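Please look over the structure shown below before reading on. The notes after it are arranged by topic.

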Amino acid sequence: MPEQLWLAIGVVVAFLVLLGLLRAFWRVAEPNEALIVSGLGARAKHHLEPNTTGFKIVTGKGVLVLPGFQVARRLSLDTRVSEISVHCVTKQGIPVSVQGVVIYKVGDDYASIAKAARRFLDQQENMDTRIHSVFAGHMRSIVGALTVEELIRDREKLITEVSRSSESEMIRLGLMVDSLQVQEIDDAT
C-alpha cells in the first residue's frame, strides 16, 4: 500500500508540474490585441496569413510559446487618435491653419496585422507621430489646390480628398481610418 501511495503522489506532483509549465508557456491574445509569435517553428499555418514568413499571428485565442526558442509580442488593435495641426497656403496664396483629428487602428485582417507588425511592433508609441506626418502632407497638398472659400464652405470635400489620397499609404502600413474630422480652419485675417 505505501508504494501505491507514493506512486499516486508522484503522478499528482508530475501532473501539477506539467500543468504549471503549460500555464507558464501559454500566451492568450486579448480581444483588442494580436500576438506576434516569432522564432523556431512559428510559421503561418493557413492561407489566411499571406506573406507572414517568419512569424505567426494569433488573435482571439491562445498559443504555446517555447521560451528560448520563440518570442510572443503584443500588437494593440485598439483605436488610436492623432491630432493634426497643419500650417499651409491655399490656391490663392493665403496662409491658413487647419486643425483636425484622425481616428485610426490596425486593420482586422491578417494581412493588415502582418504589415503593421513589420512596421510598428516595437514602435507602437510612435504611430501617432507617423500618422500625423502622413495626413499633414496630404492635407497641405489638398489645401494648396483649394481656395479659402472652398475650405470654409465645403469641409466635407477637404475631408474626402484627404481620406482618398492617404488611403493607399494607410493600407500599406496595415492601418485603417475610422474617422477624419476637420475641427478648425483659421486664416491670418
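What follows is a short briefing on the protein chain as a whole and on a few of its residues.

This is a predicted model, in which local features need pLDDT of at least 70 and side-chain atom pairs count only at pLDDT 80 or more, while totals for chains, interfaces and linings use all residues. Residues are numbered from 1 along each chain as its sequence is written, and side-chain values use heavy atoms, with hydrogens and water left out.

**Fold and overall shape**

- Five helices and eight strands make up the elements of the protein chain; helices (H or I, at least four residues) and strands (E, at least two) are DSSP runs, numbered from the N terminus.
- Their order, starting at the N terminus, is α-β-β-β-β-β-β-β-α-α-α-α-β.
- The radius of gyration of the protein chain is 25 Å, whereas a compact globule of 189 residues would have one near 16 Å. This radius is taken over C-alpha atoms, and the globule rule is 2.2 Å times the number of residues to the power 0.38.
- Along the principal axes, the C-alpha atoms occupy a box of roughly 95 × 30 × 25 Å.

**Surface, contacts and charge**

- Of the 189 residues in the protein chain, 37% are buried. Buried means under 20% relative accessible area, exposed over 50%, and partly exposed in between (1.4 Å probe, protein chains only).
- Among contacts in the protein chain with a separation of 6 or more, 71% join residues 24 or more positions apart; contact means heavy atoms within 4.5 Å.
- The protein chain has 21 positive and 22 negative side chains, and 9 Å separates the centres of the two sets. Lys and Arg count as positive and Asp and Glu as negative, with His and the chain ends not counted; the place of a charge is NZ of Lys, CZ of Arg, CG of Asp or CD of Glu.

- In the model, residues 6-26 are 95% helix and 5% strand, with 30 Å between the end C-alpha atoms.
- E30 sits in the loop between β1 (26-28) and β2 (33-39), and counts as partly exposed because its relative accessibility is 44%.
- From E30 to L7 the C-alpha distance is 39 Å, at 23 residues apart in sequence.

**V162 in helix α5**

- V162 belongs to helix α5 (residues 155-173) and counts as buried because its relative accessibility is 1%.
- Beyond its neighbours within four places in sequence, V162 contacts F135, H138, M139, I142 and L180.
- V162 and L175 are 13 residues apart along the chain, and their C-alpha atoms are 15 Å apart.

**Q181 in strand β8**

- Q181 lies in strand β8 (residues 175-187) and counts as partly exposed because its relative accessibility is 41%.
- Although Q181 and G100 are 81 residues apart along the chain, their C-alpha atoms are separated by 5.4 Å.
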